[in-house]
Amino acid sequence: MSQPAMNKADFISSIVLTLFGIGIVVESLRLPRLENLNVNSYTVPGIVPGFLGLFLTIAGLAILVRSIRRGGWKLSLNKDGVRRWLGSAMVMRTAVTVVITMGYAILLFPNVPFWIATPIFIFVFVVATEAMKYGGLPSRMKLLTALVLAIIAGLVINYVFQDLFFVRLPGG
Amino acid sequence: MKFIISMLAAVALFAAPATAEEYSWKPDKPVTIIVPWSAGGSTDSVTRVLAGELEDALGQTVVIVNQPGAAGSVGTTNAWQADHDGLTWAAGAAIDLGAYQVLGMLDVPVTDWKLYLHIANVAVVGANPDSGYKDFGDVLAAMKSDPDSVSVATAGVTSGGHNAMESIAQTAGGKYKHVSYDGGKPAVLAAVSGETKLTTQLASEQAEMIRAGRIVPLAVLADKPLVIEGYGEIPSIKQWVPDIKTANNYFGIWTPADVPANVLETMDKVWANAIAKSDAMAEYAANRGAILDPSSGDAALEAVSPALTQNVFLLFDGGKTKNDPTKYGFKRP
Amino acid sequence: MDGLISFANSVASILTSWSAVDVVWATLLGIIVGMLPGLTATLGVALLTTLTFKMEADQAILILVCMYVGAIYGGSRSAILLNIPGTPANAATALDGFPLARSGKAGSAMAIATTGSVFGGLIGMMALAVIAPVLAEFALSFGAFEFFWLAVFGVLISGQLTSLDDPIKGWIAGFLGLFIATIGQEGIYAVPRFSYGSTDLSGGIGLLPAMVGAFGLAEILTVMRHEAYEAVRAKSDSVWSGIRDAYKYKFTAIRSGLIGTLMGLIPGVGEDMGSWASYAAARQSSKNKEEFGKGSVEGLLAAESGNNAAVPGALIPVLTLAVPGSAPAAVLLAAMIIHGIRPGPLIMIESPGFVYSVVAMVFLATIAMGVLGLLLTRPLVMVLKVTRERLMPIIFVLCTVGAFAIASRTFDVWVMLFFGVFGFILRELKYPMAPLILGIVLGDILDKSLRRGLVLSDGELIQFFNRPISMVLWISALLFILLTMPSIRNLLGRLFKQKTEGGIQ
């Protein structure tokens, strides 16, 4: 990230951080003080998170002030810029990766038997990312090796965890 | 890689149990025992000894899974939510299992579980050698004259150690300074290093330090004196506080009571035949200042109920529970 | 002298029996466990405890020690090759190991790490053999106040070292980690904090799922984000050049070994602080400070000698106090008890032979780790030849299964995903992940020891400052912060200049 872009990112993220820090302090104050238990007042549960929240608030403010001084508050967002950024290959690749990995971990992994779910995931991941890399469907040879890789990796990982390490995998 | 696999297979072969006796339940898959505490703790180590004995008896691998968190309720909840097929068990101390419902952590009464208990532990009042306490009478005197000086290390408010100290203070009168640690071992170590003067953790956690003279045992919270191998006899607390109610702290494993009948039938037999006569369990108990006292089913429930009832009311009176124990059928002792 | 003889006897009896085979397979398995994200030393040792239950005590403990040593070392492999530390103890390894691998020196980086680990392991072993009882008393002198400062110190140095241009972001990451550790039921009154009625959250955020997410998934996203990402291959990359490089900094390795051993002694922080403290010390005394974080041989060597020296360090309190210095050591202690060995203050009197046979086991495990590690270097470099499109999905499967394997909980998979995405965003904003993870490790210690310390001292803060070890820790933490402030550095610079000028006049 370039320095001006970093200043803008710092500006936004430090606001989030400061609010988060304040939120922690408020929530820590709301934690039970256990007065009815006659507990030692130095040991109330909120004391440590409260101080941590305070530190995060101060640190967040420090970065906020710094980014304002460096001009990060001038976000100068415009429609075209945002559209160009969203459409860039970099963002596309990240988005595709996030969607495929989440789909596997949230949907397939807990519900479908591991030895089926995993090869499907690996194959889809390889094909989708290679399609972006070559700008089109990969060659038949590449598809075949991807399929072989997916099946072998699925079976080997299944064996190592289920049979060597006695991990009961979900989904069957 | 192939080499390791074949070596592991060899190990597994060596570890394979001898022929199982004729039981009506023969698990076809490994049996899982969830230890709801971290690996290496007292529940963990005794359960691993037990797992070895169960493997022999059942002719099936017994896998230990550590699922610590929220005073053991996370792992215990998972054991309850697994299929009720006898293949998933939870381990722990019976008083914890009985308190989860009152604490609002797991809405399952202890009677919905089938309990298999093995060893019982007792709490010991142990003092740092430089604490100046010559016997338990000195501690009682200090609790009345200078309570701030009586610092007591325990494994936290829900621990057996804190229970013991609370019931001493409530019965005999007097106050003390409670300091909690991450577990029994760290609490004992605090008394050894002199950070606190006393600890009231379990005998099993203090045994080595007592033998080495780093902790002086003043009294045991039991009706009778306790003998620790290599040290000698620890006097009963009744000598100083005759009215105190003592209750053994039982450890064991449990599974939902509605698992198939042949599972329970088999485990009842295994408990009576194998666990009660197990040399490994007996040796473990003797080394740790514990008592091997196996029981199952109704007998087990009866054995734990005094400690369980005492514990839930101690927690409730201390304001630590969400719910009133009497709502769940507990009767105030 | 008796000790030396029993040590030699133990080595000889292991080497001349089938146990020698155990050393090889158990160490190799340990290296594999350490390499796979999500499988850790603790899990490996716990698993083998069950599998070796029926064996003789000596053989079982030997296998467990080999697994432990191998796993802590194995984590350096994925840290160097993929920037994904296999265990939390290898987070500092990735700082310099990964840049070295990116510049085409993966082979020599792994050789440096191996040499460092062997060095560290041997130094720790000597401490275990010679002055175990003395060191155990040092561990006892760590009370609530010392633990508090150690946690603060750890987060500050790790925050600064991973974010050298902008330390405040490193500290923020560290303090976020400390905060994350306070989620869930707290350890003193069992009050749930920040869990809002969720049973899963009240159990707390697991360290390992968070680590696998913040290092593993976040790294996958980073790698996939970039335009092109194939590693270069340098001609000069060889195992021997790595060993030669490492040898140049033998004093760094010795110092790191000593620091690592001391850190290993202290319960709860073990290997993690071992590598961070060694890394910090190496940078502080290095002539080439600017290379740290960009591929410094010294830094890599220090981190790896530090964490492997902590292994025998952690065994010292296990044997002499029956209190473990780290999580895997806790399982090892349980295994010893199961096998009827009684560790504790009397072990040197009751069974001194056992202590020396443990020393022999550590020795053989360390040697096996070195040899196997060097042999594995060539095949492992091949991993870098796999394209990211094909390597990353497999790594992700390992991350998912690894997060799940720790406690068989689906919740842990969600934690991994959350920290992956959250970690990716933070990394893009230049917040380092290593202090966050160390913060999660140390948060619980910080929380409890601050509150415990306040109870013990009846709220008198002075007791936090005036005890000798506390004093060393808080003064060094303070110096660390002050030295990073440019205005203070300039001021110091001017002062020194004036002095020398004054001397000339």
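What should helix α6 (residues 140-164) of chain A span at 1.5 Å a residue, and how far apart are its end C-alpha atoms? I took this up as my opening entry, noting that the model is a predicted one.

**Entry: helix α6 of chain A**

I looked up the 25 residues of α6(A), which should span 36 Å at 1.5 Å a residue. The end C-alpha atoms of α6(A) are 35 Å apart, which agrees with that expectation. I then asked which residues of α6(A) are buried. They are Ala146(A), Ala150(A), Ala153(A), Gly154(A), Ile157(A) and Phe161(A). I recalled that an α-helix has 3.6 residues a turn, so residues three or four places apart point the same way. I found that the cover over the buried residues of α6(A) includes α5 (114-134) of chain A and α17 (388-405) of chain C. After α6(A) comes Phe166(A), and I noted its positive phi, near 50°.

**Entry: domains of chains A and B**

I read the division of chain A as domain 1 (3-76) and domain 2 (83-164). Taken over C-alpha atoms, the centres of these two domains of chain A are separated by 38 Å.

To their contact, domain 1 of chain B brings 12 residues and domain 2 of chain B brings 16 residues. On the side of domain 1 of chain B that touches domain 2 of chain B, α10 (279-287) and α11 (297-317) of chain B each supply at least two residues. I recorded the classes on that side of domain 1 of chain B as four nonpolar, six polar and two charged residues.

**Entry: chain C against chain B**

I looked up the contact of these chains, which takes 44 residues from chain C and 46 residues from chain B. On the side of chain C that touches chain B, the helices supplying at least two residues each include α2 (19-35), α3 (41-51) and α19 (434-456) of chain C. The most comes from α14(C), with six residues. I noted that this side of chain C divides into 27 nonpolar, 13 polar and four charged residues.

**Entry: the nonpolar core**

Which residues have the most contacts inside the largest nonpolar core? I found Leu64(C), Val65(C), Tyr68(C) and Ile437(C), in a core of 329 residues. Helix α5 (residues 91-140) of chain C gives the most to this core, with 24 residues.

Methods:
Residues are numbered from 1 along each chain as its sequence is written. Chains are lettered from A and ligands numbered from 1 in the order in which they are written. This is a predicted model: local features need pLDDT of at least 70, side-chain atom pairs count only at pLDDT 80 or more; totals for chains, interfaces and linings use all residues. A nonpolar core is a set of buried Ala, Val, Leu, Ile, Met, Phe, Trp, Tyr and Cys residues joined through C-beta atoms within 7 Å. A residue is buried if 20 or more other C-beta atoms lie within 10 Å of its own, exposed if 12 or fewer, and partly exposed in between; C-beta atoms are placed from the backbone. Helices (H or I, at least four residues) and strands (E, at least two) are DSSP runs, numbered from the N terminus. Domain bounds come from an automatic or database domain assignment. Two residues are in contact if their C-beta atoms, placed from the backbone, lie within 7 Å. Ala, Val, Leu, Ile, Met, Phe, Trp, Tyr, Cys and Pro count as nonpolar, Asp, Glu, Lys and Arg as charged, and the others, Gly among them, as polar. The expected span of a helix is 1.5 Å times one less than its number of residues.
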